[in-house]
Amino acid sequence: MSSPAPEPYFRIVDEDTHREGTISRVEASGSTAGPWFPDAQHMGPPSALLVRALERESGRDDVRLARVTVEVLGKVPVGALELRSRVARAGRTIELVTAELASPDPASGTPRAVARATGWFHGVVDTAGVATVPGTTMSALPDREQGRPRALPDGWLPGYLTSVDWRWLDGGLDELGPGRAWGRVLTQVVAGEEPSPTQRLAAVADSTNGAASRLDLRQWLFVNTDLTLHLHRAPQGEWTGLDADSVLGPEGTGTAYSVLHDEAGPVGRAAQALTVRPR
């Protein structure tokens, strides 16, 4: 008997669209929780929610999301959140959309920004005749059937990590060095909606840091302060492949990066800035 699907990441409590943008009240479920604290989200689900906000605020069929950057401004709690989005720069062929996620301050109750996203949308033009052949600039990723599921490492909490069907080709979340894996989100980003392929990709891409760990988590912290996705075409389907690695500098800064894949081949790249320090 198959296991029941995880609870959707978020539920929209109410939504108000007006001339200057959209304001939503959102409730996060336990499926968003990260592996260390049950009351703090992994950034995969908020990244997917912010991408959803960018897509909906644009609302156009003649543009595609080419770049999105998610800035991590603080702990994103599991619970009530406020989401705001707006078109920051309208244009016929280029559009900039922003979204911000806020949490009530425990002391004052005033919403405090915890994550922010900017998305550049580019106009759709037929460039198939000059498109780079997949595989010439980015190596193909083995089929997901060659991967294997892995149990959660000891002490890691369920939530986001168990809301994704992981198929590891090389490495793992508790192994040092580069990692390659396929991931498929097993739930909805927002209750009652089928997630877009780009939302699915964002939820998995935020695991680049974990898939490419170079340090022992018991001795070091290496936290990402952002996630940037560059997409050279629109993602397809439910599966996202990560071909991930990281580099650590000599002064407390590093970078995690991955080539992103869907079942049709490479689709873009992800990068995360890391702040590195001993525990």
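Residues are numbered from 1 along each chain as its sequence is written, and side-chain values use heavy atoms, with hydrogens and water left out. Because the model is predicted, local features need pLDDT of at least 70 and side-chain atom pairs count only at pLDDT 80 or more, whereas totals for chains, interfaces and linings use all residues.

**Salt bridges**

Side chains of opposite charge can pair when their charged atoms come close. The structure holds 22 salt bridges, each defined as a side-chain nitrogen of Lys or Arg within 4 Å of a carboxyl oxygen of Asp or Glu. Among them are the following pairs.

| Salt bridge | N to O distance |
|---|---|
| E193 and R52 | 2.8 Å |
| R167 and D165 | 3.1 Å |
| E238 and R184 | 3.5 Å |

In the pair formed by E193 and R52, E193 lies in the loop between β8 (179-185) and α2 (197-205) and R52 in helix α1 (residues 44-58), so the bridge ties together parts that are 141 residues apart in sequence. Helices (H or I, at least four residues) and strands (E, at least two) are DSSP runs, numbered from the N terminus. R52 is buried, at a relative accessible area of 3%, while E193 is partly exposed, at 25%. Here buried means under 20% relative accessible area, exposed over 50% and partly exposed in between (1.4 Å probe, protein chains only).

R167 pairs with D165, and D165 is buried, with a relative accessible area of 15%. The salt bridge between E238 and R184 links the loop between β10 (226-231) and β11 (239-248), where E238 lies, to strand β8, which holds R184, so parts that are 54 residues apart in sequence are tied together. E238 is partly exposed at 33% relative accessibility, as is R184 at 23%. Through shared partners, salt bridges join D165, R167, R184, E194, R200 and E238 into one network.

**Burial and nonpolar cores**

R200 is also one of the buried residues of α2. Eight of the nine residues of this helix are buried, so α2 is largely enclosed by the rest of the structure.

A nonpolar core is a set of buried Ala, Val, Leu, Ile, Met, Phe, Trp, Tyr and Cys residues joined through side-chain atoms within 4.5 Å. The largest has 51 residues, of which F10, L50, V68, L101, W166, L229 and L260 touch the most other members. Helix α1 gives the most to this core, with six residues. Leaving aside neighbours within four places in sequence, L101 is in contact (heavy atoms within 4.5 Å) with residues including P46, L49, L50, V76 and R112. A second, separate core of five residues includes L215, F222, A256 and V276.
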